Amino acid sequence: MKRSRVNDIMEEADATMRRFGFVLPPFAYWTPEEFRTRASNARHVIDARCGWDITDFGAGRFDELGLFLFTLRNGKLSDLEAGRGMCYAEKLLISKKDQLSPMHTHFLKAEDIINRGGATLCVELFGSDDAGGCAEDRGGTVMCDGVAVEYGPGEILRLAPGESVTLRPGDWHAFWGDGGDVLIGEVSTVNDDETDNIYREPLGRFSDIEEDAAPRHLLVSDYARWLA
């Protein structure tokens with residue numbers, strides 16, 4: 001993706017979130033230079049990879065295959081392993097109309113996917129086979145707002161604003177906005193985007209950035225290079 005496009009998506013996403021009454025934390029608006037200056041005090045933000053995250057999954061077709069995310073808070077895997085401490089994470093996502101977030105699952109993370117506003121959120125579901133892969137012939141059971149719902153292979157849940165689904169490791173899922181853009185909340189156990197996203201097709205989790213402009217704000221994938 002071109003950096004200029006990333007900058008535009010950030011501006012559009014911020015306006016969308018504000019329209020629904022969500023305002024990002026102060027560090028979201030730091031310039032790269034401010035981030036460098038504050039890096040020692042913002043060590044948790046950097047290490048937990050909180051912040052802006054925009055991906056086209058390496059396919060170069062963001063409007064068709066892509067996702068906007070902002071990680072608001074994220075705990076530590078060491079706390080999760082110990083069973084105490086900061087064992088949770090929270091994100092805001094925007095799924096644009098007919099923009100696919102591709103079929104994937106997690107080995108570790110359980111997550112609530114919540115329609116915070118906008119159009120209908122479609123979530124396509126498959127169960128896992130005995131090896132943990134996506135099973136085209138298996139369904140399963142998820143919780144929708146605390147109520148158990150059985151799903152068949154390839155079944156699509158349609159979540160209206162205010163509705164949610166709880167996905168556990170092994171629940172294969174893809175999602176998109178139907179009829180318009182959707183603001184999504186994600187509340188989960190500790191999030192590890194480096195290793196805990198398993199895609200049905202060979203895709204990259206992060207985008208390769210073409211530096212045709214200066215960054216408006218840093219992406220989480222920029223931290224290693226810009227804040228080393």
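## Cavities, a pocket and salt bridges

Searching the whole structure turns up two cavities of 30 Å³ or more. This is a predicted model, so local features need pLDDT of at least 70 and side-chain atom pairs count only at pLDDT 80 or more, while totals for chains, interfaces and linings use all residues. Residues are numbered from 1 along each chain as its sequence is written, and side-chain values use heavy atoms, with hydrogens and water left out. There are also 20 salt bridges in the structure.

- On a 1 Å grid over the protein atoms alone, a cavity is a set of points where a 1.4 Å probe fits but cannot get out.
- A pocket is an open set with protein on both sides within 12 Å along at least five of seven lines, and lining residues have an atom within 4 Å of a point.
- Grid points are joined across faces, edges and corners, and a volume is the space filled by probe spheres set on the points.

**The largest cavity**

- The largest cavity has a volume of about 160 Å³.
- Its lining takes in 19 residues, and Leu67, Leu69, Ser101, His104 and Asn197 are the ones nearest the centre.
- Two or more lining residues come from each of β2 (67-74), β3 (88-95), β4 (101-105), β5 (111-128) and β11 (172-189); helices (H or I, at least four residues) and strands (E, at least two) are DSSP runs, numbered from the N terminus.
- β11 gives the largest share of that lining, three residues.
- By class, the lining of the largest cavity splits into seven nonpolar, six polar and six charged residues. Here Ala, Val, Leu, Ile, Met, Phe, Trp, Tyr, Cys and Pro count as nonpolar, Asp, Glu, Lys and Arg as charged, and the others, Gly among them, as polar.

**The second largest cavity**

- The second largest cavity comes in at about 30 Å³.
- Its lining is made of Phe27, Ala28, Trp30, Phe35, Gly51, Trp52, His217, Leu218 and Tyr223.
- That lining has seven nonpolar, two polar and no charged residues.

**The largest pocket**

- The largest pocket has a volume of about 180 Å³.
- Of the 15 residues lining the largest pocket, Ala48, Arg49, Asn74, Asn191 and Asp192 lie nearest its centre.
- Its lining counts five nonpolar, four polar and six charged residues.

- Asp193 sits in the loop between β11 and β12 and is buried at 10% relative accessibility (buried is under 20% relative accessible area, exposed over 50%, partly exposed in between, with a 1.4 Å probe and protein chains only).
- The Asp193 side chain makes polar contacts with the side chains of Asn191 at 3.0 Å and Arg205 at 3.3 Å. A polar contact is a pair of N or O atoms within 3.5 Å; within protein, one must be able to donate a hydrogen and the other to accept it, and residues adjacent in sequence count only if both atoms are side-chain atoms.
- Not counting residues up to four places away in sequence, Asp193 touches Asp53, Lys91, Arg205 and Phe206 (contact means heavy atoms within 4.5 Å).
- Asp63, in the loop between β1 (51-55) and β2, is partly exposed at 45% relative accessibility.
- Arg216 is in the loop between β12 (198-199) and α5 (223-226), and is partly exposed with a relative accessible area of 40%.
- Beyond its neighbours within four places in sequence, Arg216 contacts Asn7, Met10, Glu11, Trp30, Thr31 and Pro32.

**Salt bridges**

- A salt bridge is a side-chain nitrogen of Lys or Arg within 4 Å of a carboxyl oxygen of Asp or Glu.
- Arg3 and Glu211 pair up at 2.8 Å, N to O. The two are 208 residues apart, with Arg3 in helix α1 (residues 3-19) and Glu211 in the loop between β12 and α5.
- Arg3 is buried at 0% relative accessibility, whereas Glu211 is partly exposed at 39%.
- Glu90 and Arg73 form a salt bridge whose closest N and O atoms are 2.6 Å apart. Glu90 is in strand β3 and Arg73 in strand β2, so the pair ties together parts 17 residues apart in sequence.
- Lys109 and Glu186 meet at 2.9 Å, N to O. Lys109 belongs to the loop between β4 and β5 and Glu186 to strand β11, 77 residues apart.
- Both ends of this pair are buried, Lys109 at 3% and Glu186 at 5%.
- Salt bridges with shared partners join Arg3, Glu211, Asp222 and Arg225 into one network.
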